[in-house]
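This report describes a single protein model for a reader who is new to structural analysis. Please look through the sequence and the structure before reading on.

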Amino acid sequence: MGKRSLIDMKEFGFLQYPLEASFLNVKIQPINNHSEGLEWLKKNTNKDGYFYPPQFATYTIDSRTGKTKTKVENSDRPARVYHIPSSHKIEIENPVCIQNEPFTDEALIVYLLAYLYGTRLQISDWKFEGRIPIKPVNNISITEDAIIHFLSHVYNWWRKLTQSQRTKFANILYVHNRANSLEWDWDMFLHQYMVFDALYALHSEFNPPAQTPKLKERLNILCREYSIDNADLINDIYKARNELFHEAMWVEFSTIGFGSSNQNAYQLPHHLI
């Protein structure tokens, strides 16, 4: 297991707000051309508030020179994965993660920022897939001081976890942020339910139950933990989960991809956030 350098610096993006923050052993700064990158992002964002994958095509290559020759006909399609410009740099002194961990200290903080700002963010040497919400998709309103306090508190807690727990928590954030970029309500619900199940599993590591609870009781346990009282909503989520997982159908046995006759179905993924 290789150690990392004493000070790691990476770029990430794209965070529209030119946040500057310093806490614990972490320093976050906007890059010098942040305003130019923001202008490019807004110019290329769809009117619906999302940035969509760019188009790409296949070209023939000259085997001797390695240069592009001609475009292959009918090969245009949206990119499966792609980069966008960076907006900030993050510098961490004495990161806790080792080289072979799936998620680094930087990734944890970047995904926390994405959660707070209702978007998707990625370290520059990683790629995006699918669309990115540029218009915030959450209902969080928070001051910069509160953001910095939140980041500091969570990062300090996260550093004390085991390697496995650090990976699980960062992955939960990643999947949660990804879920908010999905287009179909059933697909978003599926991802958010996976997030809930992963949260319950992690919660159980810190608070082992006397016996393994049934699926519906897991919802009740976390709701009681955070003083959320809505029995009807929990029942609706449980029923929707069973239809989707066991019948491959959406609310009130609708075919996925065709919508549901029950208008409440469109809100269920957001109740799991």
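## Overall picture

Of the 273 residues of the protein, 45% count as buried, where buried means under 20% relative accessible area, exposed means over 50%, and partly exposed lies in between (1.4 Å probe, protein chains only). The model is a predicted one, in which local features need pLDDT of at least 70 and side-chain atom pairs count only at pLDDT 80 or more, whereas totals for chains, interfaces and linings use all residues. Residues are numbered from 1 along each chain as its sequence is written, and side-chain values use heavy atoms, with hydrogens and water left out.

The protein has eight helices and 13 strands; these are DSSP runs numbered from the N terminus, with helices (H or I) of at least four residues and strands (E) of at least two. Along the principal axes, the C-alpha atoms fill a box of roughly 65 × 50 × 40 Å. Among contacts (heavy atoms within 4.5 Å) between residues at least 6 apart in sequence, 64% join residues at least 24 apart.

## A buried serine

S87 lies in the loop between strand 8 (77-78) and strand 9 (88-93). Is S87 buried or exposed? S87 counts as buried because its relative accessibility is 0%. Leaving aside neighbours within four places in sequence, S87 is in contact with F12, G13, F14, L15, P30, I31 and H34.

Two of the contact partners of S87, G13 and F14, are joined by a cis peptide bond, with omega near 0 degrees. F14 is found in the loop between strand 1 (7-13) and strand 2 (21-23).

## Positive phi angles

Two residues other than glycine with positive phi are listed below.

| Residue | Phi | Loop |
|---|---|---|
| S227 | about 55 degrees | between helix 6 (215-225) and helix 7 (231-247) |

S227 is exposed because its relative accessible area is 67%.

## Another loop residue

I142 is placed in the loop between strand 11 (132-133) and helix 3 (144-159). At 33% relative accessibility, I142 counts as partly exposed.
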